[in-house]
Amino acid sequence: MDANEKTDKIIEARMKLKRRFEEKMAQTPSMADHIDGPEKPRGSGPTNRHGMPAVPVGQTVTAKWPVLDLGYQPAIPLDKWQLNIDGEVNNPVRLKWDDLMDLPQVEDTSDFHCVTTWSRLNVPWVGVRFMDLAALVDPKGSATHVMCYGYDGYCTNVALEEALKPDVLLVHTADGNPLTREHGGPLRMITPQLYAWKGSKWIKRIEFLAKNQLGFWEERGYSNTAYPWRNDRYS
């Protein structure tokens with residue numbers, strides 16, 4: 001299969017996934033809450049591209065990028081790195097770095113909201129859409145959530161209707177440079193519509209689940225859903 005055929009196959013599978021989850025995606029708070037609706041998003045500043053206030057409630061904008069981790073920053077050489085995608089899928093895969101770079105690469109600019117009350121706005125990223133990775137493995141009808149695991153032992157759960165949104169990426173580049181080790185390089189997940197702990201740093205595995213399971217912080221009292229414009233920090 002040549003590169004064009006591979007891309008066409010991914011696009012076809014992506015659109016199938018989009019149709020399958022479109023209704024659920026439209027009902028999520030970052031899509032369904034409206035400035036003048038009953039579930040008014042809380043925040044300040046001009047609206048972003050999704051119609052949310054640019055700065056969610058309780059957040060302060062920073063130009064710096066603070067470093068938060070579990071006290072361990074793994075160093076993974078690119079020739080040793082791999083990403084396993086498995087669980088409730090029809091075609092589990094193990095990607096090496098070159099495999100990842102052969103997938104469609106996306107440039108996007110989005111915001112990064114940390115539960116510790118700071119936000120970085122308009123961060124330029126380069127990476128691969130989560131939806132394209134999901135299209136590769138073809139989730140089973142039973143799949144409802146994913147658990148994302150990092151090389152540092154971290155894990156976090158995300159509902160599929162959130163993970164499949166087009167600005168959820170696995171990124172290898174930020175601010176025009178390769179993602180640094182301290183920020184989760186060589187690859188981390190970003191979830192612009194959720195608090196940033198939902199995007200695993202140093203990501204090594206994505207497990208599709210037939211039901212929700214709690215991740216590292218979720219087991220310790222953090223929210224399952226993590227919607228910034230609802231101040232949805234803790235359970």
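Is glycine 141 buried or exposed? I looked this one up to get started: glycine 141 counts as exposed, at 74% relative accessibility. For the cut-offs, buried is under 20% relative accessible area, exposed is over 50%, and partly exposed is in between, with a 1.4 Å probe and protein chains only.

**Ground rules**

I'm working with a predicted model, where local features need pLDDT of at least 70, side-chain atom pairs count only at pLDDT 80 or more, and totals for chains, interfaces and linings use all residues. Residues are numbered from 1 along each chain as its sequence is written, and side-chain values use heavy atoms, with hydrogens and water left out.

**Whole protein**

I found five helices and 13 strands. Both are DSSP runs numbered from the N terminus: helices are H or I with at least four residues, strands are E with at least two. The radius of gyration is 17 Å, close to the 18 Å of the globule rule for 235 residues, so the protein is as compact as a globular protein of that length. That radius is taken over C-alpha atoms, and the globule rule is 2.2 Å times the number of residues to the power 0.38. I also noted that buried residues make up 50% of the 235 residues.

**The sheet**

Next I traced an open sheet of five strands, in the order β5-β4-β13-β8-β9, with mixed pairing. The edges are β5 (93-96) and β9 (155-159); each has a single partner strand, so one side of each is left without a neighbour in the sheet. The twist averages 15° from one strand to the next. Two strands pair if DSSP finds at least two bridges between them. In general, strands of a sheet pair through backbone hydrogen bonds, either parallel or antiparallel.

Isoleucine 85 stands opposite isoleucine 206 in β13.

**Helix α4**

Which strands does helix α4 touch? Helix α4 (residues 130-137) packs on the sheet and touches β4, β5, β8 (145-150) and β13. Contact means heavy atoms within 4.5 Å. The direction of α4 makes about 60° with that of β13. Axes are lines fitted to C-alpha atoms, for helices over the stretch in contact, and angles run from 0 to 180 degrees between N-to-C directions.

Seven of the eight residues of α4 are buried, including Phe130, Met131 and Leu133. After α4 comes aspartate 138, with a positive phi near 60°. Then back to glycine 141, which lies in the loop between α4 and β8. Glycine 141 and glutamate 88 are 53 residues apart in sequence, and their C-alpha atoms are 8.3 Å apart in space.

**Cysteines**

How many disulfides are there? The count comes to zero, with a disulfide being a pair of cysteine sulfur atoms within 2.5 Å. The sulfur of cysteine 155 is 9.4 Å from the closest cysteine sulfur, in cysteine 148, too far for a bond. Cysteine 155 is buried, with a relative accessible area of 17%.

I spotted a cis peptide bond between glycine 185 and proline 186, with omega about 15°. Asparagine 122 in strand β7 (residues 118-129) has a positive phi of about 55° although it is not a glycine. Tryptophan 202 also has a positive phi, about 50°. Asparagine 122 counts as exposed at 56% relative accessibility, whereas tryptophan 202 counts as buried at 1%.
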